Amino acid sequence: MDPEARELRALEAEIAALQRECKMLPKPEEKTLSGARKSFQKISQSDSEELESLKDLKSQLGHLKSELSFLSKLTGINIRNYSKVEDIVDTEVTEKDTKKVLQRHRLSGNCNMVTFQLEFQVLEIETKEKISSVITDLSIIMEPTEYSELSEFASRAEEKRDLLMFFQSLHFFVEWYEYRENTFKHFKEKYPDSVYLSDGTCSDCMEIHSARQPGFELMIVWRIQIDDQGKVFPKLDLLTKVPERALELDKNKVIETAPLSFRSLLGVLGIEAALDSLIRLFSAKND
């Protein structure tokens with residue numbers, strides 16, 4: 001075979017190989033469709049991941065709302081508004097790389113009939129070893145203001161910058177307040193002719209009038225006190241109102257020692273039983 005024939009055969013083989021490769025290549029529209037399909041799959045996967053993330057956030061939000069509702073029912077404290085009004089970062093270049101963050105928080109809420117507004121400042125100190133925080137400023141406003149015990153306590157809590165003590169003591173104060181209100185209401189309904197509440201069930205005083213001897217009266221003064229450590233406790237005192245002639249005839253000093261005897265009765269019987277015994281004894285028509 002001459003050289004020209006061999007060269008022609010080689011060219012034909014090369015052309016045939018190129019034709020086979022062209023047949024194996026995708027058509028332009030197939031290539032475009034394939035790319036679009038892959039892009040759509042990526043978008044669908046991304047949307048699916050975002051949807052799952054959104055579901056997780058909604059689930060977490062629902063869980064947090066449930067916990068907040070549980071805490072509100074448990075403590076009686078409801079937080080209505082909260083905001084962080086200031087965030088100042090101060091980084092000190094020291095050997096320990098100390099980072100300080102100063103934040104000012106503001107919140108408002110209520111615990112039954114008592115509403116409060118708090119503003120407090122927290123200094124967060126972060127080092128390589130640990131993160132610590134401390135309340136550097138605390139301001140408390142409460143309404144209504146007629147609860148003198150709470151006003152004095154709020155001032156002490158501000159001085160100590162103790163938020164935990166404030167919320168704990170407020171919770172127990174309201175519990176005692178509700179208990180006193182319900183107790184006075186109970187005795188007013190049980191002994192309507194003997195028990196008088198001049199300021200209604202919200203009063204801290206309950207008067208007991210003698211059904212047999214006009215002018216003979218007892219007054220129960222029930223205060224709710226909070227000590228320096230935030231402990232809340234009731235303090236009940238008995239006051240007497242009797243005619244001068246009765247005091248002169250009281251040779252055994254029964255009327256004079258009545259407040260002390262009432263304290264002893266409280267220690268033995270408790271509040272409700274002691275009050276019930278006192279009312280029945282003093283208001284009995286056959287005494």
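## Residue R280

With a relative accessibility of 44%, R280 is classed as partly exposed, because that category covers values between the 20% limit for buried and the 50% limit for exposed. The structure is a predicted model, and R280 is located in its helix α7.

R280 and I208 are separated by 72 residues in sequence, while their C-alpha atoms are 9.9 Å apart in space.

## Packing of α6 and α7

Two packed helices are described by the angle between their axes together with the distance between those axes. Helix α6 spans residues 258-269 and helix α7 spans residues 271-283. Their axes come within 7 Å and cross at roughly 130°. The two helices are therefore oblique to each other, since an angle has to be over 145 degrees to count as roughly antiparallel. The crossing of α6 and α7 is right-handed.

On the α6 side, the contact is formed by F262, L265, L266 and L269. Helix α7 contributes I271, A273, A274, L275, S277 and L278. By class, the residues of this contact comprise 9 nonpolar and 1 polar, with no charged residue.

## Confidence of the model

The mean pLDDT of the chain is 79, and 70% of the residues score at least 70. Confidence is highest in helix α4 (residues 163-190), at a mean of 93. The lowest confidence occurs in helix α1 (residues 3-24), where the mean is 63. Where pLDDT is low, the predicted coordinates should not be read in detail.

Methods: Residues are numbered from 1 along each chain as its sequence is written. This is a predicted model: local features need pLDDT of at least 70, side-chain atom pairs count only at pLDDT 80 or more; totals for chains, interfaces and linings use all residues. Side-chain values use heavy atoms; hydrogens and water are left out. pLDDT is the predictor's confidence in each residue, from 0 to 100. Helices (H or I, at least four residues) and strands (E, at least two) are DSSP runs, numbered from the N terminus. Axes are lines fitted to C-alpha atoms, for helices over the stretch in contact, and angles run from 0 to 180 degrees between N-to-C directions. Angles under 35 degrees count as roughly parallel, over 145 as roughly antiparallel, 65 to 115 as roughly perpendicular and the rest as oblique. A crossing is left-handed if the near helix is turned anticlockwise from the far one by less than a right angle, and right-handed if clockwise. Contact means heavy atoms within 4.5 Å. Ala, Val, Leu, Ile, Met, Phe, Trp, Tyr, Cys and Pro count as nonpolar, Asp, Glu, Lys and Arg as charged, and the others, Gly among them, as polar. Buried means under 20% relative accessible area, exposed over 50%, partly exposed in between (1.4 Å probe, protein chains only).
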